Amino acid sequence: MKTFHLVLGAAVAGLLSLGAAQADQLADIKARGKLICGTLGTSQPFSYQDPKTREIIGYDVEMCGRIAKSLGVPMELKAISVDARIPELTQGRVDILAANLGWTKARAEQIDYSHSYFVSQQKILVRRDSNITTLDQLKGQKISAVKGSSSEQGVRRDIPSAQTLTFQDGTAAFLALQQGKVNGFCASELVLVKLKEQTDASANPVDIVRQSLFVEPWGLGIRKGEPAFLKHVNDALAQMEQSGEAARVFQQWFGPETSY
C-alpha cells in the first residue's frame with residue numbers, strides 16, 4: 001500500500017503569500033516548548049481512546065506526533081468536535097489539526113492545508129436487512145452524517161434528494177442507523193469497516209455500499225499567514241515519505257495485521 005503526497009492548492013497559495021504573515025508561529029511553538037494538536041478522539045482508527053490506557057491514539061495522532069518530533073517539542077493533544085475544528089485553529093487554541101480534515105474549497109478559504117497524508121474513500125453504511133446495495137437506492141432516503149463534516153456536504157451534494165440528518169459525532173450517527181431512524185450513514189470507509197466488523201455477529205449487522213460516494217485528500221490544518229510553519233510541516237511530511245517512516249506508520253494502522 002503506498003501513501004500519498006499530493007500538494008494541495010491551498011498549501012501552495014499559503015507559500016505564495018509570504019508577505020501576509022503577521023507572526024512567526026514556528027518560532028512561537030519552539031519557544032513555548034510544545035505543539036498543541038487538535039484531533040477528534042472519536043474516529044477509530046484515526047484518533048480514538050484506547051480502552052486500556054484511556055489515552056487518545058490512532059493514525060492522525062501518530063502523524064501529528066511526528067511533526068512535534070521534527071520540531072523537537074512534545075505534543076499536547078486537544079480533543080475537539082468536527083464542528084469546532086476550524087474555529088479552534090483560527091482562534092489560536094490549537095496549533096495544528098490532525099482531524100480527518102478533508103480538503104474543500106470553503107475550508108481552504110479559511111485555513112491552509114499541508115501536503116496530503118491520507119486519501120479517504122467516503123462511503124455509506126447500511127443495515128443488511130435493508131437490502132440496499134447501490135447509491136441509487138439511497139435517493140430520497142434518510143442518511144446520517146457528522147455535523148459539519150465533508151461527509152455531510154458530500155451527501156447533500158451527490159444525493160440531493162436524500163434527507164441528511166446530522167449528529168455531533170459518529171457514534172450518534174451510527175446509532176441512528178442501528179435504530180432504523182436513517183437508511184444510511186456516510187463516513188470514511190475505514191471508520192465504517194470497523195463498525196461493520198463490530199456488528200457482524202449482532203442482531204443488526206451492517207454492510208458498506210461498494211461504490212464510493214466521493215474521494216477526498218486529507219491534510220493537516222494550519223492557520224493562514226504562517227508560511228514558515230507550513231513549510232516546516234510539509235518538509236517533515238516529505239522527509240517521512242523519503243525515509244520510509246510514512247509507510248511504516250501507514251502499515252501500523254492499515255497494514256495486513258490490522259482489520260483494515
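The side chains of R66 and E245 meet in a salt bridge, with N and O 2.7 Å apart; the term denotes a side-chain nitrogen of Lys or Arg within 4 Å of a carboxyl oxygen of Asp or Glu. This pair links distant parts of the chain, since R66 belongs to helix α3 and E245 to helix α10 (residues 245-254), 179 residues apart. Helices (H or I, at least four residues) and strands (E, at least two) are DSSP runs numbered from the N terminus. The model is predicted, so that local features need pLDDT of at least 70 and side-chain atom pairs count only at pLDDT 80 or more, whereas totals for chains, interfaces and linings use all residues. Residues are numbered from 1 along each chain as its sequence is written, and side-chain values use heavy atoms, with hydrogens and water left out.

R66 is partly exposed, with a relative accessible area of 22%; buried means under 20% relative accessible area, exposed over 50%, and partly exposed in between, for a 1.4 Å probe and protein chains only. The R66 and E245 bridge is part of a network of salt bridges that links E62, R66, E245 and R248. The structure holds 19 salt bridges. Another of them joins R93 and E88 at 2.9 Å, N to O. Here R93 is partly exposed at 39% relative accessible area, while E88 counts as buried at 11%.

A further salt bridge joins D158 to R157, the closest N and O atoms being 3.0 Å apart. D158 is partly exposed, with a relative accessible area of 34%, and R157 is likewise partly exposed, at 48%. R157 also takes part in a contact with an aromatic ring: its charged end sits over the ring of F214, 5.0 Å from the centre. A charge is said to sit over a ring if NZ of Lys or CZ of Arg is within 6 Å of the ring centre and within 35 degrees of the ring normal.

The aromatic residues come next. A pair of aromatic rings is described by the distance of the centres and the angle of the planes. Rings of Phe, Tyr and Trp (its six-membered ring) pair if their centres lie within 6.5 Å; planes under 30 degrees apart count as stacked, over 60 as edge-to-face and the rest as tilted. By this rule the count comes to 14 aromatic pairs. One of them is the edge-to-face pair of F46 and Y59, at 6.5 Å centre to centre and with 70 degrees between the planes. Because F46 lies in the loop between β2 (42-43) and β3 (47-49) and Y59 in helix α3 (residues 59-71), the pair ties together parts that are 13 residues apart in sequence. F46 is buried, with a relative accessible area of 0%, and Y59 is buried at 1%.

The rings of F118 and W218 have their centres 5.0 Å apart and their planes at 45 degrees, so this pair is tilted. F118 lies in strand β7 (residues 111-127) and W218 in strand β12 (residues 214-223), so parts 100 residues apart in sequence are tied together. Both F118 and W218 are buried. One aromatic cluster is formed by F46, Y59, Y117, F118, W218, F250, F254 and Y260.

Strand β12 also holds I222, which counts as buried at 0% relative accessibility. Leaving aside residues up to four places away in sequence, I222 touches Q25, L89, I96, I111, D112, F229, L230 and V233, where contact means heavy atoms within 4.5 Å. I222 and K69 are 153 residues apart in sequence and 17 Å apart in space, C-alpha to C-alpha.

The helices remain to be described. The axes of helix α2 (residues 25-32) and helix α9 (residues 227-243) come within 6 Å and cross at roughly 75 degrees. That makes α2 roughly perpendicular to α9. Axes are lines fitted to C-alpha atoms, for helices over the stretch in contact, and angles run from 0 to 180 degrees between N-to-C directions. Angles under 35 degrees count as roughly parallel, over 145 as roughly antiparallel, 65 to 115 as roughly perpendicular and the rest as oblique. At this crossing, Q25, L26 and I29 in α2 meet A228, F229 and H232 in α9.

Helix α9 also packs with α10, at an angle of about 80 degrees and with the axes 4 Å apart. This pair, too, is roughly perpendicular. M240, E241 and S243 of α9 make the contact with E245, A246, R248 and V249 of α10.

In helix α8 (residues 189-199), L190, V191, L192, V193, K194, L195 and T199 are buried. The elements covering these buried residues include β2, β7, α7 (170-178), β10 (184-188), β11 (206-208) and α10.
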